[in-house]
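Please take a moment with the sequence and the model before reading on, and keep both in view. The paragraphs below begin with the whole chain and then move to a few of its parts.

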Amino acid sequence: MRTLTKFVQAPGAAPDISDDSARVREEQRGRIKGDGPLARETTSRDDRPATSRGAAGSASAHESAVKHVTGRATYIDDIRAPADCLHVALGLSPVAHGRLTRLDLEKVGAMPGVVDVISIADVPGHTDIGPVFPGDPIFVEEEISYVGQVLFAVAAESHRAAREAVRAATVEIDEQPASLDPVAAAERGEVVRPTHVQQSGDWEGALAGAAHVVEGEQFVGGQEHFYLEGQACLVQPTEDEGVVVYTSNQHPSETQKLVAEVLGIPFHAVTVEMRRMGGGFGGKETQASPWACIAALIARRTGRTTRVRLPRAEDMRVTGKRHPFHNRYRLGVDDQGVIQGGEITVIGDCGYSPDLSEAIVDRAMFHSDNAYSLGEARVTGHRARTHTASNTAFRGFGGPQGMMVIEAAMDDIARKVGEDPLTVRKRNLYREGRNVTHYGQTVDQIALLHDLVKRLEASSDYWARRRAITAFNAESPIIRRGLALTPVKFGISFTAKHLNQAGALLHVYTDGSVMINHGGTEMGQGLHTKICQVVARELALDLDTVRITATRTDKVPNTSPTAASSGADLNGQAARDACVKLKERLFDFASEHFCAELGGLDREGMRLEAGHLVAGEGESERRIPWGELVQAAYLARISLSEKGFYATPLIHYDRETGKGRPFYYYAHGAAVAEVSVDTLTGEYQVDRVDILHDVGDSLNPAIDLGQVEGGFIQGVGWLTSEELKWNDAGRLISDGPATYKIPTYGDLPPVFNVTLLEGHPNSMASIYRSKAVGEPPFMLGMSVWSALRDALASLADYREAPRLDTPATPERVLLAAEALRSRHDPALTKAGLETGGA
């Protein structure tokens, strides 16, 4: 049950207004209602600190925190709909590949409660809703490309009636063999986008001249987004032949475009609103749009509000995942384990269509170096087409899958040259003379990267623990412990240059309160909170003076998705731009308006401080309350509204040459993980984790800490327990929480130390020199996977790091342990231990 908490003033209590507000109210007495402003609070009270409360840089609570815990936060299914609202169910393909030969929906339309049923023939506009490249039909026309592809949609008076009606359809399919192996598909040239290559120097010569060559293969599994709020939307038809779309969606402007194109109407006839999501993680960047398009079609055909919400199992079957990758590496190293060069190949399993796979595999290639110099290297990326749902964006956007290549190589190199993996990692970090990536971007803040690793190495007592773990493993035949420190260097920016832009709309009302709107979306990550904090800081107001409204395409148009960790960077700068423009206008006004009253104001030194406009210094200082300034500006007919805009500078990338500067800056971090592994069962636990993460000058340390902790745990889940399984027919069988295991509270390490790196502001001109924090912490979870390999390597006396594909389930860990024992000490196989063998 949802509850509402009302806050009311005690009877007879005096209004909570300042003396300045009371004076202005007195001045307005007797005027015609609406003739002048009414001040609620014109300035900070005398008992408030000299600076504004809750502004950017402070650890303020999430702007919807109280709503979250009291049930007042409104999600899509909480939106009240008219009594005649229609509910939609989908008819889905039962096969992975084939040709639709017959689709008879006559019986479906005759089912009780059914109002409308639609298929590809009922679409008046575009039928392909591919977000970047074509290839995503809204309904199947003939070719079927995956289990769960939408054949038709039914709208009924209730959700149950719609779901029952779906089963009445007559569907005949000429089933054909499905392609489910991305490696074989890539070898056959079955790709959704062309292969791309990045190369730096003579990689073949580097391999030929190296003292050692280390090579290996790995499979990196995909990941289900498992957002708590599934795919959902509510569409209302409007009187002007348009629609208003309420959607759980990371990219409202793209949904506006696709809905308009499907309906065959102008973009301005579609308004998309998004107040908050119950999680997104990339799964609602492109794949929230199809459901809005289907609901909009039915809403326009019937003239009735239409709701779509996917059940969990259906949601998991019809939407794409994090791309599984098959990676290969062959690297030449010297006797110290320093990489001289080599080649890396990544094959992304893209599913049946391009979706965002070109950019995702690109980012895997960009991040195949992680924090290490590859020297003279070639990196090749293939985008394999398979008959599964089209895989899509997920936190990290391909970067984590690329980083796994080099982290695996680091462990392998260490075992090859007989050094501790941390020693090898430190030797290979980007450094002076080796500070240019394989795609031509110079890595700045190298000292920060080295300092961060050094500080975590010391604070976590890495070397003392390494000695203790080595001694423990020498005496323990079954339980083995592992330790690993892995760094992260993650590039911040959309790799598609045109997406690096944002807009904002600022309103100041005559009581001094402020409203901000921007193009970013809130999915629980605290973006709206940070934007409010930026506005509060720029206008020198308390945070509770600033309110944010739902993201709407009729307020800020042509927005980019909230993705690539860029939400605060882009929208924060746009909001700041609006504030700066408004401040300049108010300063110009104040320098003229208050000239006679205050004997002249110093325009050059004018500033906002703690709810006042301040001019001059010392004895000549003049202070005007914020509310008084706003009211005077309104009466003088000065605009109190402003729009802001920001476009990230400097970034560029030439796909023809594979060179450029795709990232505005890099965010860094490092994690130390310690694990214990039962080598007879493959079961393991994470005993301790220490994290030190770089967020520049944090916009909100409390929110950033939460992002680091949550990102790390989600990354650990991806690499350990979250296993996606398809049967031989291409049907997803891990389609719910009973068969797909995300981390739970019990999976948290009992010792979990998380610290934000202080004293290292961003070297680039980001918003207040902060750094993005959404995606980079995700890759810190690799420390757990590397620690598992370290524990297993003890079975081979640290002479070999086993291949450990992900997710590293207990079954995979056990198989890796058995393989090592069989090669290095056959007497210590599981069978030998169980029969008492030494």
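Helices and strands are here DSSP runs, a helix having at least four residues and a strand at least two, and they are numbered from the N terminus. Counted in this way, the protein chain of this predicted model holds 22 helices and 29 strands. Along the principal axes, the C-alpha atoms of the chain fill a box of roughly 100 × 75 × 55 Å. The radius of gyration of the protein chain is 29 Å, and this agrees with a compact globule, because a globule of 838 residues would have a value near 28 Å.

One stretch of the chain carries a label from a database. UniProt, in an unreviewed entry, lists residues 70-177 as "domain: Aldehyde oxidase/xanthine dehydrogenase a/b hammerhead".

Strands can next be followed into a sheet. Strands of a sheet pair through backbone hydrogen bonds, and the pairing may be parallel or antiparallel. In this model, four strands form an open sheet in the order β16-β27-β28-β29, and their pairing is mixed. At the edges of this sheet are β16, residues 479-492, and β29, residues 751-757, each of which pairs on one side only. From one strand to the next, the twist averages 15°. Among the residues involved is His693, whose bridge partner in β29 is Leu756.

Two details of the backbone can be found in loops. Ser493 is part of the loop between β16 and β17, the latter covering residues 501-508, and the phi angle of Ser493 is near 155°, a positive value in a residue other than glycine. Pro807 is found in the loop that lies between α20 (782-793) and α21 (810-824), and the peptide bond leading from Thr806 to Pro807 is cis, with omega near 5°.

By class, the lining of the second largest pocket divides into 17 nonpolar, 13 polar and ten charged residues.

A cavity, unlike a pocket, is a space where the probe fits but cannot get out. How many cavities of 30 Å³ or more does the model have? The count comes to five cavities of 30 Å³ or more, and the largest cavity has a volume of about 250 Å³. The largest cavity is lined by 18 residues, of which Asp136, Pro137, Tyr146, Pro290 and Tyr352 are the closest to its centre. Helix α8, residues 289-302, supplies the largest share of that lining, namely three residues. By class, the lining of the largest cavity has twelve nonpolar, four polar and two charged residues.

Technical notes. Residues numbered from 1 in each chain as written. Predicted model: local features only at pLDDT ≥ 70, side-chain atom pairs only at ≥ 80, totals over all residues. Heavy atoms only, no water. Pairing = 2+ DSSP bridges. Axes fitted to C-alpha atoms, helices over the stretch in contact; angles between N-to-C directions. Nonpolar A, V, L, I, M, F, W, Y, C, P; charged D, E, K, R; others polar. 1 Å grid on protein atoms, 1.4 Å probe; cavity = no way out; pocket = protein on both sides within 12 Å on 5 of 7 lines; lining within 4 Å. Points joined across faces, edges and corners; volume = space filled by probe spheres on them. UniProt positions renumbered as here; feature names shortened; annotations may be inferred. Rg over C-alpha atoms; globule rule 2.2 N^0.38 Å.
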